[in-house]
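Hello,

Here is the structure we talked about.

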Amino acid sequence: MNHQIIGEPTPAVICTLAQGESMITERGSMCWMSPNMKMETSAGSLGKAFGRMFSGESIFQNIYTAQGGAGMIAFASSFPGSIRAVQITPEHSVIVQKAGFLASESGVELSTHFQKRVSAGFFGGEGFVLQKLSGQGIAFIEIDGYAVEYTLQRGQSMVVDTGNLAMMDDSCSIEVQTVKGVKNMLFGGEGIFNTIVTGPGKIVLQTMPVSGVAAALAPFFHSSSN
C-alpha cells in the first residue's frame with residue numbers, strides 16, 4: 001500500500017492498493033474510491049465488537065479490498081487538523097483517543113485500552129476509554145488542530161488537559177487525577193480532571209480537540225435558541 005496525505009488543515013489520505021490488499025475503517029470516513037474497491041461490513045468477534053461499542057465507536061468495521069487489479073481509496077479527516085501515518089509493529093503498539101483512528105491496513109488490530117485506575121476514569125471523560133492499535137501495518141491517525149510531540153523519559157510525566165492527548169506509545173501509562181482545591185475546580189475554568197501521562201515513550205498532543213470546540217460553542221447555540 002502506498003499513500004499520500006494532502007490538503008491540511010482539512011486533510012485526506014489517498015491510498016493506492018495492490019490487488020487483494022485491504023483497508024479498514026470504523027466509520028464513514030471514505031470520500032472517494034476506484035470502482036474495483038469492494039466494501040464488506042463486519043463486526044468481527046463478539047468481544048471486539050463489544051469493546052468498540054463501549055469505547056464509543058461503531059460496532060461494525062468497513063473493509064475495502066482492491067479486486068481485479070490495483071485500487072485507490074481516500075479517507076478524510078472529520079475536523080480541521082492533520083493526519084499522521086503510524087507504522088504499527090509487534091514491537092510498537094500505540095494508544096489513541098477514541099475518535100482518533102481514521103483507517104489502517106488490514107494487519108492492524110484494534111482493541112479497547114483501559115487505564116489502571118478505573119474509578120478515576122469513569123469521571124475523567126475522554127481520558128478513560130482509549131483504543132490500542134497493535135499488529136502489523138500502517139495506521140492513519142486524525143489529529144485535531146496542531147500536533148505537538150514530546151518524548152518522555154522513564155518516570156517523566158506531563159499533565160495534559162482531558163481531550164488534548166491524541167496518541168502515545170504503548171510503553172507510556174496514564175492516570176486521571178482531580179484538580180486540587182475546590183476553588184480551582186469550581187472557578188478555574190480548566191475542568192475538574194487532568195490526565196497524567198508518564199514515560200517512557202513518545203506522546204502526541206493536539207491543540208484543538210473537537211470536544212473542546214463543542215464546549216466553547218455550546219453557550220452560543222443555547223443563547224440563540226432562546
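Of the 226 residues, 44% count as buried. The chain has 19 strands and 4 helices. Take the contacts between residues at least 6 apart in sequence: 78% of them join residues at least 24 apart.

Now confidence. Mean pLDDT for the chain is 83. A value of 70 or more is reached by 76% of the residues. Two stretches need care. Residues 118-127 stay under 50 in pLDDT. The model still gives them 19 contacts beyond four places in sequence. Residues 182-189 also stay under 50, with 5 contacts beyond four places in sequence. Where pLDDT is low, the predicted coordinates should not be read in detail.

Next, a residue in a strand. Ser134 lies in strand S12, which covers residues 129-135. Is Ser134 buried or exposed? Its relative accessible area is 17%, so Ser134 is buried, the cut-off being under 20%. Setting aside neighbours within four places in sequence, Ser134 touches Ile88, Ser93, Gly107, Val108 and Glu109.

Last, the surface. Which residues make the nonpolar patch of about 360 Å²? They are Leu217, Phe220 and Phe221. Leu217 sits in helix H4, residues 210-225. Its relative accessibility is 38%, so Leu217 counts as partly exposed.

Best wishes

Methods. Residues numbered from 1 in each chain as written. Predicted model: local features only at pLDDT ≥ 70, side-chain atom pairs only at ≥ 80, totals over all residues. Heavy atoms only, no water. Helix = DSSP H or I, 4+ residues; strand = E, 2+ residues; numbered from the N terminus. Buried < 20%, exposed > 50% of the residue type's maximum accessible area, 1.4 Å probe, protein only. Contact = heavy atoms within 4.5 Å. pLDDT = per-residue confidence, 0-100. Patch = residues over 30% accessible without salt bridge, like charges linked within 9 Å, V, L, I, M, F, W, Y side chains within 5 Å. Areas by Shrake-Rupley, 256 points an atom, 1.4 Å probe, with all protein chains shown as cover. Salt bridge = Lys/Arg side-chain N within 4 Å of Asp/Glu carboxyl O.
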